[in-house]
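Subject: Structure handover and notes

Hello,

Here is the structure for you to look over. My notes follow below it.

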Amino acid sequence: DANLIMEGSDVYMGYARVLARFNAEKEMQYIKRLSGARDIVIFGTGYVGNAAYVFLRNNGLKNIRAFCDNGSDRQGIKLYGVDSISPEEASSRYHGAVFIVAVRSKQDEIAEQLMLLGVAGENVIPYILPTDPAFCTNCLIKKRLCIKA
């Protein structure tokens, strides 16, 4: 924020530390929630889905079993060596999985679709974290630096 910068570097640095700690805690809570899942399916094969995959893998989650997508042209492909299948197949094959909704513009519609397919509401989680490559690929390093600052 420009006003904080104008007040001096100490004020701005204090604000930046608080914000970084808050964001790091939010990221850790997200990872903790997903680390208990036996299976994870990422709904969405676009930019956000790719970012979610990279972030989750870089934070140690190895239980991502599939991508799924409503687009028939996005089914039957592999992303990062992981199959992309239809939502119907994903909900059937990975019963009990946590579904990460990585489509920002239609999260409510997708959540409703998944629940109609038998996915429990508590197992439908939106991808709420940043999507920029620097965040997704360096998250652990960033968190350690922010927490120690």
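Which residues do ring pairs link into a cluster? They are Tyr-30, Phe-55 and Tyr-127.

Some ground rules. This is a predicted model: local features need pLDDT of at least 70, side-chain atom pairs count only at pLDDT 80 or more, and totals for chains, interfaces and linings use all residues. Residues are numbered from 1 along each chain as its sequence is written, and side-chain values use heavy atoms, with hydrogens and water left out. Helices (H or I, at least four residues) and strands (E, at least two) are DSSP runs, numbered from the N terminus.

Aromatic pairs

Rings of Phe, Tyr and Trp (its six-membered ring) pair if their centres lie within 6.5 Å; planes under 30 degrees apart count as stacked, over 60 as edge-to-face and the rest as tilted. By this rule there are 4 aromatic pairs. Tyr-30 and Tyr-127 make an edge-to-face pair, with 6.0 Å centre to centre and 85° between the planes. Tyr-30 sits in helix 2 (residues 9-35) and Tyr-127 in the loop between strand 6 and helix 6 (133-148), so the pair ties together parts 97 residues apart in sequence. Both Tyr-30 and Tyr-127 are buried. Buried means under 20% relative accessible area, exposed over 50%, partly exposed in between (1.4 Å probe, protein chains only).

Tyr-53 and Phe-67 form a tilted pair, because their ring centres are 5.7 Å apart and their planes at 35°. Tyr-53 is in helix 3 (residues 47-58) and Phe-67 in strand 2, 14 residues apart. Tyr-53 is buried at 9% relative accessible area. Phe-67 is buried at 0%.

Salt bridges

The whole structure has 4 salt bridges (a side-chain nitrogen of Lys or Arg within 4 Å of a carboxyl oxygen of Asp or Glu). Asp-39 lies in the loop between helix 2 and strand 1. Its relative accessibility is 9%, so Asp-39 counts as buried. Asp-39 forms a salt bridge with Arg-38, the closest N and O atoms being 3.2 Å apart. Asp-39 also forms a salt bridge with Arg-65, at 2.7 Å between the closest N and O atoms. Arg-38 is exposed at 62%, and Arg-65 is partly exposed at 34%. Shared partners join Arg-38, Asp-39 and Arg-65 into one network.

Glu-89 and Arg-93 meet in another salt bridge (2.0 Å, N to O). They are 4 residues apart in helix 4 (residues 87-93), so about one helical turn separates them.

Helix 5

Ile-110, Ala-111 and Leu-114 are buried in helix 5 (residues 107-116). They cover an arc of only 100° around the axis, which puts them on the same side of helix 5. The arc is that of the directions from the helix axis to the C-beta atoms. Asp-108, Glu-109 and Leu-116 are exposed on the other side. The buried residues pack against strand 1 (40-43), strand 5 (98-101) and strand 6 (124-126), where contact means heavy atoms within 4.5 Å. Just after helix 5, Gly-118 takes a positive phi of about 100°.

Strands

Two strands pair if DSSP finds at least two bridges between them. Strand 2 (residues 64-68) and strand 4 (residues 82-85) pair in the parallel sense over 2 bridges. Strand 3 (residues 78-79) and strand 4 run antiparallel, joined by 2 bridges. In their hairpin, with 2 residues between the strands, Tyr-80 takes a positive phi near 55°.

Best wishes
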